[in-house]
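Subject: Structure handover

Hello,

Here is the structure I promised to pass on. Please open it alongside this email.

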Amino acid sequence: MSERWVFEVDTGTGRGRSTIDASKFRCRVLLAELAELWLRSAQTQGWAFNTAKAAAVSIRKFVRVLDESDLRSSTSLRGPADGLASVLVGWRTALREEGSKNHANTVLALLERAYFEDPNLQPELQLLATRPRGDYPGKAVTPLDEYSNAERIHQQRAAAEDIRHAELRIARGVRLYDSSPSIRKLFALARSQSSPKAVATALRRHPRLVAQVEAITGVDTGTGAHDAVTALASLIGPTRSEMFSLRLLVQWATGIAPEQVRECRVGDLVFGDTGVYWRSKKKRANKTIPMSFSGNDPWRVAGLLSRGIAMTKRFRDMEDSNQLFIAFSIMKKPRTATLRINAVRRGGPTMAEWAKRHGITLSAPHDLRRIRKAFVAVRAGVVSTGDQMNHIDHTMSTFEQSYDGTTTSKTLAGQVVVRAQDRLVEHLSSQRAMVVPIASAKVAADAAASAEIRDLAEQVSRRSQNERSLGASACSAPQDGPFTETGEWCGAAPFTCMLCPNAVIFDDHAPQLLLVRDSLVEQQFTLRPDEYAQHVFPFVSAVDGYLEQMDATTLANARESIANATERFVVPLTKRITL
């Protein structure tokens, strides 16, 4: 039998190799048995390289524990009992007390495979191999609780603010980068073997450039070499903290596993008119999961991913990378470069660090999986059954083990809120105005049109500039609106008209429709993402539908009249406070 076992795999960036060398251990028989189980598991289950490497580490750690025990060197999984099971359970208990039991769980999983292949194990090992998962001696059941609704709001607000600032900074920084040869030379210097101090010194030789960089980034480049290089790099790309903020928003919007968000690649995304199609890779499960997310609003999944792609474009171009979550890091003692641009997998802020940096107090433990737990638990309550809740990446056993028992008051409250919001959005989305894509003067003179439409068209064609500025539609039944009692005059204009079946829109309304849309979209900067999606986006979607029914010439003339200030839109004071 060979003294060395090797697992090799193509990692995409080269060949990965993990090795177990039997010559370094005393209990070689057991090591050989575990190594063969390891190789067969890796091959038959299609393990990712990192999984195989971690399993090899677990085997080495366990056999070292055996080497230090009183067990004979010829101990084996099969044969009479010799205390091997007791050593394994004791090792697992010790690891659990240290807060890490993954290594022992790996060995137990290999033990289960050994029993499946040949039940002739030591009697005590047979008991361990056939015991239900999670029911090993001393097992402590401590499932992760979900984040509360207040914690979700704090996270989303802080993260959205991060993204807004990053987008503004990068847009200005890219313009400076493209127009300044000196900045590009500094980037080249930072990505060479020069030290941070050398890069900072070179930057400070250009006082005017320093002032521009500081004005865009808000970083004082004179406080240290690290800050100077940070300011330079953040001109054209996001920081690791900003990438973490985007991850949070995407996770809250999708409810998928943290690793799926982290490993997102631009090539896995296909954007369409109705949303985004995402072929997500889940490495631990070794499978590709196709997912579709509807809606093109800036704060929904498609919008967030599009914004991430735009923010990281320069970094991805520099590295010829397809990774969406990419940022820069600064090496204090560079071997190859001061400024490194790479995928954000490790080395970024933890949840606790990110929350502290943003002044947010979150309950422990600080774990991104709690976002997934909150999302799935609420979804389970909304759809009522586990079968419907399973969605695309859960088995029924996973749901029953981790989510089915979620009965905390905050989750139950969340379920009620989500149901109510869904009913409201469904009701609002079903209401639409009637569009007559012709100028009102032509409609008024058209004998084929109904008398009611001709009367409305004539009223619209006679409006003054001030009258036109107060609304974006005409009303066919001002005393019979869906938002007021029958017989009362409706005062819900102008925004609510966009979702009213009594509203009639002519080509004359094009300038006001464009201005209404601008006014609505501006509210994304004052509302948190979920509020905007719930209260404002249905109106934006309706207006987009009306504008699509108008021809290009009408819209071009409307934009020209807005630019010339001949057409405007006045938002009533009450509507400036709330929709």
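Below are the findings on a cavity, some helices and the cysteines.

This is a predicted model: local features need pLDDT of at least 70, side-chain atom pairs count only at pLDDT 80 or more, and totals for chains, interfaces and linings use all residues. Residues are numbered from 1 along each chain as its sequence is written, and side-chain values use heavy atoms, with hydrogens and water left out.

Cavities

The structure holds two cavities of 30 Å³ or more. A cavity is a set of points, on a 1 Å grid over the protein atoms alone, where a 1.4 Å probe fits but cannot get out. Grid points are joined across faces, edges and corners, and the volume is the space filled by probe spheres set on the points.

Which residues line the second largest cavity? They are Leu30, Leu34, Phe62, Leu77, Leu84, Leu88, Val107, Leu111 and Leu125. Lining residues have an atom within 4 Å of a point. The lining divides into nine nonpolar, no polar and no charged residues. Here Ala, Val, Leu, Ile, Met, Phe, Trp, Tyr, Cys and Pro count as nonpolar, Asp, Glu, Lys and Arg as charged, and the others, Gly among them, as polar. Helix 1 (28–45), helix 3 (84–97) and helix 4 (102–117) each supply at least two lining residues. Helices are DSSP runs (H or I, at least four residues), numbered from the N terminus.

Leucine 111 sits in helix 4. At 4% relative accessibility, leucine 111 counts as buried (under 20% relative accessible area; exposed is over 50%, partly exposed in between; 1.4 Å probe, protein chains only). Other buried residues of helix 4 include Ala104, Leu108 and Glu112. The C-alpha atoms of leucine 111 and glutamine 126 are separated by 8.6 Å, at 15 residues apart along the chain.

In helix 5 (residues 123–130), Leu125, Leu128 and Ala129 are buried. They cover an arc of only 95° around the axis, so they lie on the same side of helix 5. The arc is that of the directions from the helix axis to the C-beta atoms.

Cysteines

The structure holds zero disulfides (pairs of cysteine sulfur atoms within 2.5 Å). For cysteine 490, the nearest cysteine sulfur is that of cysteine 497, 6.2 Å away. Cysteine 490 counts as partly exposed, at 32% relative accessibility. For cysteine 500, the nearest is that of cysteine 475, 6.0 Å away. Cysteine 500 counts as buried, at 9% relative accessibility.

Best regards

Terms used
On a 1 Å grid over the protein atoms alone, a cavity is a set of points where a 1.4 Å probe fits but cannot get out, and a pocket is an open set with protein on both sides within 12 Å along at least five of seven lines; lining residues have an atom within 4 Å of a point.
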